[in-house]
Amino acid sequence: MDDELLAFLHARDAPYCFRCLAQAFPRGNVRQRIEAAERAGAPLMIGEGRCAICAITTTVVAWVTGDPDLLRQSRVRR
């Protein structure tokens, strides 16, 4: 995995908001990079949740490390 942002998400089992990710990874547009990776098939969930860094409930992104059905269901509900 070449992208350090995706490597960060893959290595952690927690959701992060786009604002905190943008501060940690200022190179490029974080939202566009994540959405492009999701379209390319990366096991990412984007939805409402609490960020592991700032603890604000907002739109968050997380790498799906467990059941692949969870990922499929999350994409159907959007």
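Mentor: One term before we start: contact means heavy atoms within 4.5 Å. Helices (H or I, at least four residues) and strands (E, at least two) are DSSP runs, numbered from the N terminus. This is a predicted model, where local features need pLDDT of at least 70 and side-chain atom pairs count only at pLDDT 80 or more, while totals for chains, interfaces and linings use all residues. Residues are numbered from 1 along each chain as its sequence is written, and side-chain values use heavy atoms, with hydrogens and water left out.

Trainee: Which elements do the buried residues of helix 1 pack against?
Mentor: They pack against strand 1, helix 2 (18-24), helix 3, strand 2 and strand 3.

Trainee: And which residues are those?
Mentor: Leu5, Leu6, Phe8 and Leu9 are the buried ones in helix 1; buried is under 20% relative accessible area, with a 1.4 Å probe and protein chains only. They sit on the same side of helix 1 because they cover an arc of only 155 degrees around the axis, taken from the directions from the helix axis to the C-beta atoms.

Trainee: What caps the N-terminal end of that helix?
Mentor: Asp3 does, with a side-chain oxygen 2.8 Å from the backbone nitrogen of Leu5.

Trainee: Switching to the sheet, what's the strand order?
Mentor: The open sheet has three strands in the order 1-3-2, with antiparallel pairing; strands count as paired if DSSP finds at least two bridges between them. Strand 1 (16-17) and strand 2 (44-50) are the edges, each pairing on one side only.

Trainee: How many bridges between strand 2 and strand 3?
Mentor: Seven, with strand 3 covering residues 57-63.

Terms used
Buried < 20%, exposed > 50% of the residue type's maximum accessible area, 1.4 Å probe, protein only. Polar contact = N/O pair within 3.5 Å; in protein donor to acceptor, adjacent residues only side chain to side chain.
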